Amino acid sequence: MSTNRHKQSPASGGLLRSLSLHTIVVITALFVAVPLVYAVLGGFKTTRQLSSNPIGLPDPWMPENYGGILASGSFWHMLWNSTYIAVLTTLVVVAVSALAAFVFARFAFRGREALFTMFAAGLMFPFAVAILPLFVLLRMFGLLDNPLGVILPQAAFGMPMTIIILRGFFRAIPGEIEEAAILDGCTPFGFFWRILLPMARPAIATVSVLAVVNSWNQFMLPLVVFSDDGLFTIPLGVQQFQGQYATDVARVMAYIVVAMLPALGFYAVAERQLVSGLTAGAVKG
Amino acid sequence: MKTTRPRSRRLRGFTTILLFLLPALVLFFGLVVAPILLAFYASVFKWNGMRGLPTDFVGLANFTRLLADEVFLGDLWRGLLLIILSLVVQLPLSLGIAMLLNQRIRGRAFFRLLFFAPYMLSEAITAVLFMMILSPTDGLANVVLGWFGVDPLDWFADPSSVMMSVFIVMTWKYFGFHMILYIAGRQGIPRELTEAAQIDGATGWKVFRYVTLPLLGPTIRISVFLSVIGAIQLFDLVWIITGGGPSHSSETMAVTMFQFGFKRFQVGYASAISVVMFFISLVFALFYQRYVMRRDLQGASTVLREQR
């Protein structure tokens, strides 16, 4: 058996072995894909059809659920809320972190590593730990039911990861470039703004994508900050819709499928930045 | 983490540094450090969370109550259960799939894309999706089980199966993320090493066991770290699907904290839970970095080292 396998070239492998490997991958793929496909198809059924015919194709196809959601203003309104909150969060976190990462990467001063460690330690503390006092503080600042009450804390909690990734990147830019810029009369901010940032565009793209995804999927913070449903983001909308139409399963399915699309579309566009950001963040964190 | 690069062009003055750091410091102290300090402060008071600061000092009473509370002790146990399940089921699955997708398998780009896709969805969407799929009445899962002659399960509705159901959902959502980490780690292992082992006559399994697996050490340790931190803070999924029920059987620390802090207005007590969560994360992170990841931080010949 072992001699037999020994003779095979490692790339091709035995037919049996590669078949069983394929089987494992395909079973896992079914585990992942079936719930998604089920929801997409379920959205095209009526709830009665769904319980009499849970697996098969819709018969007849009923586009009303999807149509109704897309025609209602509330979904688009939440999409807009999620979008501008994600965009503003990203702008704030990337701007603030880039400035800090610049200092951590290219200035020598006493206490730098201690300060950097403090920021990096923020990685360990998720919203769940701070959400309650954060709520109390936001109420003191009058930021409840205010988009800033979500944007600023998200930016603050996104900083550790962003600073770590950007610092690594800024460090890799050769010192000669900075020297040349300074000789030509560039101020530190001029160097940062006109030379460093443009050179760091891939890293900026990576951290921006991470910030957008984190903001997009954030649930706990908007849950406590927003009580006015005119401010709701998509995750809150999903929960609300499920509560309202719990018995109309097909309709809820259509809703979550529509709610998935922006995230999956973003994934299709930004897959590379996302994966490089997650692996860099995890490996360096 | 000391830089070895000579820092000839230093200085530029204290003010420049301060100006660059100021926004980050304000945001970080105002919205990360201050809340954590406030939690510490509030945790020694009996406080309903109304305006102003708490005044009814109770010392460590909240903590003694916490440690005698069956629900909270149950939270710790359930957190541990999720961690153990993640480590013995989810991570090996992710690692195995990552190794398979590292081979020349047909359609591997597609599989990678598919397996990672659930990570992109919010926990809210995932939660609602699985509430319907694992519905005890006519959810998809029970229909499929029916084909194999298995009686329908109650999934989230039964205290004895609710944690297993939550874990299935977590696996669905997160194994692709860990898989991506392992794929990246695997790609960081120089080809020559596995090839050399093969030339020396090592079979596929032996190459994996004695070459690939040890060199994946840093990635595995990071992946374990993220799983544990994720389990400690688990909230969204549980809150939406069960709210902690039935009868507290799926409650996590974050859910208990949320119940007391935002529903029952026992903010002092809930703050004590936050503080305990803080310490559990802190102690775990320090311990882990000190004893488990120490070798990585010093840099064995690994991915981590290369990327620094």
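At what angle do helix 2 and helix 13 of chain B pack, and how far apart are their axes? In this predicted model, helix 2 (residues 61-68) of chain B packs against helix 13 (residues 267-292) of chain B at an angle of about 70°, and their axes are 9 Å apart. Because angles of 65 to 115 degrees count as roughly perpendicular, helix 2 of chain B is described as roughly perpendicular to helix 13 of chain B. On the side of helix 2 of chain B, the contact involves Asn62(B), Phe63(B), Arg65(B) and Leu66(B). These residues meet Gly268(B), Tyr269(B), Ala272(B), Ile273(B) and Val276(B) in helix 13 of chain B. By class, the contact between the two helices comprises 6 nonpolar, 2 polar and 1 charged residues.

The setting for this pair is a chain with 15 helices and 2 strands. The C-alpha trace of chain B spans about 75 × 75 × 30 Å along its principal axes. Of the 308 residues in chain B, 41% are buried. Among contacts in chain B that link residues at least 6 apart in sequence, 65% join residues at least 24 apart.

Chain B also touches chain A: 76 residues of chain B are in contact with 79 residues of chain A. Helix 1 (residues 13-42) of chain B supplies the largest share of the chain B side, 16 residues. That side of chain B has 54 nonpolar, 13 polar and 9 charged residues.

As for confidence, chain A averages a pLDDT of 85, and 93% of the residues score at least 70. Over residues 1-12 of chain A, pLDDT stays under 50. For this stretch of chain A the model has 10 contacts beyond four places in sequence.

Technical notes:
Residues numbered from 1 in each chain as written. Chains lettered and ligands numbered in written order. Predicted model: local features only at pLDDT ≥ 70, side-chain atom pairs only at ≥ 80, totals over all residues. Axes fitted to C-alpha atoms, helices over the stretch in contact; angles between N-to-C directions. Helix = DSSP H or I, 4+ residues; strand = E, 2+ residues; numbered from the N terminus. Parallel < 35°, antiparallel > 145°, perpendicular 65-115°, else oblique. Contact = placed C-beta atoms within 7 Å. Nonpolar A, V, L, I, M, F, W, Y, C, P; charged D, E, K, R; others polar. pLDDT = per-residue confidence, 0-100. Buried ≥ 20, exposed ≤ 12 C-beta atoms within 10 Å, placed from the backbone.
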